[in-house]
2 protein chains.
Amino acid sequence: MSAISALQAARAAYQPKLPTVFANGAAVNIIEGDATTAAADLDQIQALFPETYGAPKVNFEANMNKTTTAINVAVILSGGQAPGGHNVIAGIFDGIISLNADSKLYGFLGGPGGAVDNKYMEIDSAIMDAYRNTGGFDIIGSGRTKLEETAQFDQVITNCKALNIGALVIIGGDDSNTNGCVLAEYCKAQNSGILVIGAPKTIDGDLKNEDIEASFGFDTACKVYSELIGNISRDACSARKYWHFIKVMGRSASHIALECGLQTRANVTLVSEEVEAKAMTLGGIVADIADKAVKRAAKGEHFGIVVIPEGVIEFIPQMKVLIAELNDLLAHDASLSDSLPIAADVDQLQSHGLSAESASVYLSMPANIRQQLVMDRDPHGNVQVSRIETEKLIASMVEMYMEENHADIHFSEQHHFFGYEGRCAAPSNFDADYCYSLGYTAAALIGAGKTACLASVKNLKSPASEWVAGGIPLTSMMNVERRHGADKPVIKKALVELDGAPFKELVANRDEWALHSNYVFPGPIQYFGPTEVCDQPTITLTLEQR
Amino acid sequence: MSAISALQAARAAYQPKLPTVFANGAAVNIIEGDATTAAADLDQIQALFPETYGAPKVNFEANMNKTTTAINVAVILSGGQAPGGHNVIAGIFDGIISLNADSKLYGFLGGPGGAVDNKYMEIDSAIMDAYRNTGGFDIIGSGRTKLEETAQFDQVITNCKALNIGALVIIGGDDSNTNGCVLAEYCKAQNSGILVIGAPKTIDGDLKNEDIEASFGFDTACKVYSELIGNISRDACSARKYWHFIKVMGRSASHIALECGLQTRANVTLVSEEVEAKAMTLGGIVADIADKAVKRAAKGEHFGIVVIPEGVIEFIPQMKVLIAELNDLLAHDASLSDSLPIAADVDQLQSHGLSAESASVYLSMPANIRQQLVMDRDPHGNVQVSRIETEKLIASMVEMYMEENHADIHFSEQHHFFGYEGRCAAPSNFDADYCYSLGYTAAALIGAGKTACLASVKNLKSPASEWVAGGIPLTSMMNVERRHGADKPVIKKALVELDGAPFKELVANRDEWALHSNYVFPGPIQYFGPTEVCDQPTITLTLEQR
């Protein structure tokens with residue numbers, strides 16, 4: 001037996017597709033667009049980024065006669081894993097070698113912290129080849145250290161200079177790229193000569209705007225989750241006796257749940273942004289699912305599929321109030337939670353200040369969730385919202401509702417949570433190509449001397465040869481938000497837009513999908529088959545770019 | 001958007017591969033082998049099956065000149081879903097049409113109960129084509145009604161005669177095929193003219209012997225679970241901070257856990273059969289995993305993968321005793337569990353007769369599992385062993401052990417259970433081909449007038465053209481076992497053999513796999529690529545048939 005699987009071996013040989021502009025390498029002329037501003041709070045952003053603010057967006061024009069001196073580049077993986085990270089690195093590697101064969105690629109180990117602590121490795125072609133088209137971030141590891149302090153920046157500059165590193169590529173989400181921009185600004189102000197380029201990573205899909213059509217990893221992760229949801233749907237309509245409640249990743253945005261709902265035509269797809277906009281209640285959500293269960297049962301279909309975004313609880317206004325009140329009263333009296341009986345006495349909570357409305361919400365939940373809310377708190381005494389098993393909560397509340405209101409109707413639930421299953425999957429052809437192109441784009445931006453840019457590859461609904469590569473100034477995506485009591489420049493998170501095409505597609509179909517078992521079974525990601533099977537982007541991207 | 005996925009559309013066109021003997025259809029001459037006996041208890045089995053006992057195993061020789069009158073056949077899906085069931089039906093359909101174009105295929109709906117209640121549909125070519133190479137059992141549904149009573153048999157015969165059905169194919173596991181044989185015996189004794197043929201289905205892989213190299217569905221299910229375990233392994237060695245405890249299906253045999261462990265090279269793979277043979281204790285299993293965590297932590301690897309078979313708890317001798325004692329004392333005093341505090345008072349249990357040894361095992365478990373053991377009982381008052389979340393139990397016990405004995409070592413757990421994700425996956429090429437061949441074989445056996453046989457397709461390690469099709473008398477696989485206080489003929493369940501090649505492969509490698517992160521990432525099932533990626537059988541089958 002070999003130490004890699006047959007699929008790994010076959011995929012190692014895959015040559016990712018690139019935009020035509022890179023047909024002869026990453027050497028390009030820059031075509032400048034109009035000067036940019038910011039997403040909002042223009043003056044504040046300009047004041048914070050005097051060196052890098054207002055630069056134009058750029059596109060490329062191939063220039064294979066261009067010569068570039070050898071450049072040492074370092075790459076950093078920041079935050080949670082997303083499929084395709086290794087291909088971004090492969091794109092940078094091949095890109096800088098195409099600029100000059102003596103260029104070198106370093107990787108800082110274990111995330112941004114590695115750049116501060118000077119933990120690094122050189123990525124040579126043997127190492128690179130072992131990771132092409134693979135999932136995971138294990139080539140150099142990732143980490144969550146934030147680069148925010150001047151002392152950190154100075155250390156990074158010192159470490160880079162020791163290795164003669166002229167450019168840093170930070171592969172990360174909105175926060176990491178915001179910090180990358182602060183670092184780029186600092187590097188420029190210090191005349192360090194170090195460029196900083198970003199690559200848009202997050203499976204959650206919430207780093208997205210007019211110039212960044214998708215963050216990488218979203219495509220693959222959604223396809224893995226949809227494969228599993230499809231398999232479970234097939235089981236549901238074979239066994240005909242279970243409602244499956246399936247939670248998928250997405251704490252602050254519901255792009256994954258929405259995409260999976262569209263791919264599989266689940267009976268119910270919750271979208272946190274809609275829950276918040278309509279101020280839905282927990283009881284209302286439960287009653288609505290139960291109503292669909294009753295209608296389906298009338299047709300003899302005692303089964304169904306509900307897709308739930310991880311963060312939905314925090315978008316229910318009454319839950320926010322309850323959690324805030326609990327945090328307040330438990331913080332006020334740290335000994336209170338110890339004195340509460342396991343199924344937490346609501347009278348006692350009310351006597352300590354819980355409002356009547358929150359008490360009612362609290363009482364509507366099953367005992368084990370109540371217990372978790374009160375007992376399971378973080379070191380600051382706060383309720384650990386992220387640890388609430390939302391899929392169990394909603395499933396058991398629907399079951400309770402059915403028992404109380406429709407005891408004659410068979411209703412039985414199963415619940416699932418998919419997270420780790422998709423974060424490190426080997427990238428789909430789309431993500432393999434997109435990530436490689438992003439890496440190549442980063443190399444081209446470096447070759448052109450650009451900094452404080454996010455690598456951008458657009459026109460993703462078309463074949464890769466027609467993709468358009470370029471760079472977008474990071475400041476152009478920023479606004480100022482209040483975080484932990486201070487004004488901070490941040491890249492605006494892209495939530496699901498309720499007037500956007502993907503959500504409208506759900507709305508247009510969801511009544512029919514709720515009632516009928518129109519499931520689509522996407523099946524496993526394919527790499528070698530017909531292009532309509534192997535190379536299609538997500539439904540979200542297709543609808544948004546239509 | 002289409003109502004089927006791009007992959008579904010592409011797979012609908014897939015023509016499953018068949019053994020060469022069927023190159024011109026299912027018309028065959030029978031080549032008889034030696035007469036058979038039984039797996040054990042020969043006299044009792046012969047007495048129970050006077051009509052069908054002792055028949056020879058048969059192989060086929062193509063005979064395309066043979067003419068067969070049209071025959072109506074009915075098919076039944078029995079028990080849990082397994083990938084490829086629809087292809088068995090497609091094989092029967094195409095096979096009986098190849099025998100005579102006027103043959104008809106009926107499906108009894110919702111499992112064996114449909115044959116008693118006369119719920120059926122005709123499967124015509126339009127319906128059949130919509131289900132080729134798809135997962136699930138939804139074409140006619142499945143069910144768990146057992147055909148055991150003479151009254152049921154009479155009703156089945158009446159219903160079959162009304163439709164002029166000359167043969168029944170029961171697609172099921174060991175129990176369903178045992179009952180199928182009893183029905184075959186009855187049909188023959190009654191001179192009903194109705195033949196009964198079985199097809200070996202179960203993802204658990206425990207319907208297996210010298211003539212049945214694999215039950216269908218095992219290949220696909222293991223590949224889906226291994227895809228997910230591989231993805232999680234990649235995440236583990238990227239994030240470097242979690243031990244993942246992953247439970248997979250397999251209540252009575254650990255074939256799935258073993259196969260997944262071999263495919264992914266997990267750090268620890270538990271095998272229930274070994275746990276029982278070595279009389280391992282829960283504490284011993286926990287300490288052993290913790291020992292591996294300590295050794296890996298010394299190398300800086302604070303992560304790992306543990307694969308756990310669903311049924312392992314019931315194979316731990318001390319747990320069996322504990323559960324038996326709890327069943328006994330809770331049954332003796334039904335009010336006891338109500339009076340127990342939630343974290344169940346062990347003194348109170350001991351005062352009611354719990355042994356000191358069981359009390360010690362009981363106390364070693366986390367409070368939530370103790371609670372479940374005592375409070376969550378079936379209508380007969382028995383502990384619901386199958387509902388114990390074994391992956392959580394073992395994960396939290398290892399965590400507790402690490403806190404108590406190695407508080408200085410970072411250890412953090414995640415747990416997962418994969419069951420529904422694989423049962424209804426679209427069949428791998430192997431299962432698509434194998435199932436279609438099994439169905440075709442069933443048609444050939446029917447054409448040759450055989451009954452009380454299990455369809456057999458052998459030499460599965462070779463390309464499908466070299467597969468050998470035939471029929472094995474069901475009685476030859478039976479022995480007598482005590483079930484619910486009565487002697488019953490049953491097909492012997494194939495457990496993992498501790499001197500078999502697959503388990504030996506694990507043993508030969510597990511020390512190395514435990515210490516090092518030699519994970520293999522199998523990736524998603526592929527249908528269109530190189531043969532070594534798309535058409536390989538399981539490692540279990542490859543090693544067993546080597």
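How many bridges join strand 9 of chain A to strand 10 of chain A? There are 2 bridges, and the two strands run parallel. Keep in mind that this is a predicted model. Strand 10 covers residues 304–309. One pair can be picked out by name: A:Val268 has A:Val306 in strand 10 of chain A as its bridge partner.

Now widen the view. Strands of a sheet pair through backbone hydrogen bonds.

Move on to helix 19 of chain A, residues 429–447. Its 19 residues reach 27 Å from the first C-alpha to the last. That is close to the 27 Å expected at 1.5 Å a residue. Is helix 19 of chain A enclosed or open? Buried means under 20% relative accessible area. In helix 19 of chain A, 19 of the 19 residues are buried, so the helix is largely enclosed by the rest of the structure. Just after helix 19, A:Gly449 takes a positive phi of about 75 degrees.

Finally, step back to the domains. The assignment for chain A gives domain 1 (40–217 + 427–491) and domain 2 (218–423 + 500–521 + 529–544). Their contact takes 23 residues from domain 1 and 21 residues from domain 2. The two domains of chain A bury about 1600 Å² between them, 53% of it on carbon and sulfur atoms.

Notes. Residues are numbered from 1 along each chain as its sequence is written. Chains are lettered from A and ligands numbered from 1 in the order in which they are written. This is a predicted model: local features need pLDDT of at least 70, side-chain atom pairs count only at pLDDT 80 or more; totals for chains, interfaces and linings use all residues. Side-chain values use heavy atoms; hydrogens and water are left out. Two strands pair if DSSP finds at least two bridges between them. Helices (H or I, at least four residues) and strands (E, at least two) are DSSP runs, numbered from the N terminus. The expected span of a helix is 1.5 Å times one less than its number of residues. Buried means under 20% relative accessible area, exposed over 50%, partly exposed in between (1.4 Å probe, protein chains only). Domain bounds come from an automatic or database domain assignment. Contact means heavy atoms within 4.5 Å. Buried area is the accessible area (1.4 Å probe) that two parts lose on being put together, summed over both.
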